[in-house]
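Please open the structure in a viewer and keep the selection panel at hand.

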Amino acid sequence: MARTTPGVTRRRILDEAVRLFATRGYDTTSIADIQTACGLHPGSGALYKHFPSKAAVLEAAVHDNLARLAARTAETADAQLPEDPREALRVLADVVWAFMAADRDLIRLMIREFTGFPELFEQMWHGVVATVYRRGTEWITTLRDQGRAAVPDPEATAAVLVASLTYYPILDVLIGHTPGDLAPDRFLAAWLDSSIAALNLRA
């Protein structure tokens, strides 16, 4: 067997572990399964050179993916949104859908295994998801304070808009169907129209 670079092997272990945990479940995935998926001999114990246990693999995988997601989310939060509200909403939608598409296995894993590791996935919520809701709230509040939107509760409005946006890829990840089995362009067009109406924009 060819020699491997430790950093590359570690990354491959984490990526394959997330995929297996997401598709098979954490409890039914063995260390041997992960090693086989990585091209390591299933009985070699090679995984233990990088991680002390299967639980440690899960924790490291979530933390590594969380760090990447947090970095992308922070970039989005710091970015200047377009002046036009509809274009700003489209940017939000593009960003949210892009990072959810890039981490489908992690989303499936979080949903499937949340009850077994609530503290671990709570970190993901506060580190990434809550940031998107907070950014939406800040943006809507700014529109209201500028007199451009009549929104009595920016926080609740942001929660509804973001939740309806994220439901599309989540349902697709979980059951392979989208709301109403709509194509993404149709869903996004309707979401943009509904969001603009919810903002009650003023001329």
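A pocket, as the word is used here, is an open set of grid points with protein on both sides within 12 Å along at least five of seven lines. The model on display is a predicted one.

**First stop: the second largest pocket.** Select Gln 80, Leu 81, Pro 82, Trp 139 and Thr 142, which lie nearest the centre of the second largest pocket. The space in this pocket amounts to about 200 Å³. Its lining consists of 12 residues, divided into five nonpolar, three polar and four charged.

**Second stop: the largest cavity.** By type, the lining residues of the largest cavity comprise seven nonpolar, two polar and one charged. Across the whole structure, a search finds three cavities of 30 Å³ or more.

Select Met 100, Met 110, Trp 125, Val 129 and Ile 170, which lie nearest the centre of the largest pocket. About 360 Å³ of space lies in this pocket, and 20 residues line it. Two or more lining residues come from each of helix H4 (85-102), helix H5 (104-113), helix H6 (118-145) and H7. Which element gives the largest share of this lining? That element is H6, with eight residues. The lining of the largest pocket divides into 17 nonpolar residues, one polar and two charged.

Select residues 154-175 for helix H7 and residues 184-199 for helix H8. The two helices pack at an angle of about 175 degrees, and their axes are 11 Å apart. Angles over 145 degrees count as roughly antiparallel, and H7 and H8 are therefore roughly antiparallel to each other. To view the contact, show Thr 157, Leu 161, Ser 164, Leu 165 and Tyr 168 in H7, which meet Pro 184, Phe 187, Trp 191, Ser 195 and Ala 198 in H8. Seven residues of this contact are nonpolar, three are polar and none is charged.

**Last stop: an annotated segment.** Finally, select residues 32-51, which an unreviewed UniProt entry annotates as "DNA-binding region". Over this segment the chain is 30% helix and 0% strand. The C-alpha atoms at the ends of residues 32-51 are 13 Å apart.

Conventions
Residues are numbered from 1 along each chain as its sequence is written. This is a predicted model: local features need pLDDT of at least 70, side-chain atom pairs count only at pLDDT 80 or more; totals for chains, interfaces and linings use all residues. Side-chain values use heavy atoms; hydrogens and water are left out. UniProt positions are given in the numbering used here, feature names are shortened, and annotations may be inferred rather than shown by experiment. Helices (H or I, at least four residues) and strands (E, at least two) are DSSP runs, numbered from the N terminus. Axes are lines fitted to C-alpha atoms, for helices over the stretch in contact, and angles run from 0 to 180 degrees between N-to-C directions. Angles under 35 degrees count as roughly parallel, over 145 as roughly antiparallel, 65 to 115 as roughly perpendicular and the rest as oblique. Contact means heavy atoms within 4.5 Å. Ala, Val, Leu, Ile, Met, Phe, Trp, Tyr, Cys and Pro count as nonpolar, Asp, Glu, Lys and Arg as charged, and the others, Gly among them, as polar. On a 1 Å grid over the protein atoms alone, a cavity is a set of points where a 1.4 Å probe fits but cannot get out, and a pocket is an open set with protein on both sides within 12 Å along at least five of seven lines; lining residues have an atom within 4 Å of a point. Grid points are joined across faces, edges and corners, and a volume is the space filled by probe spheres set on the points.
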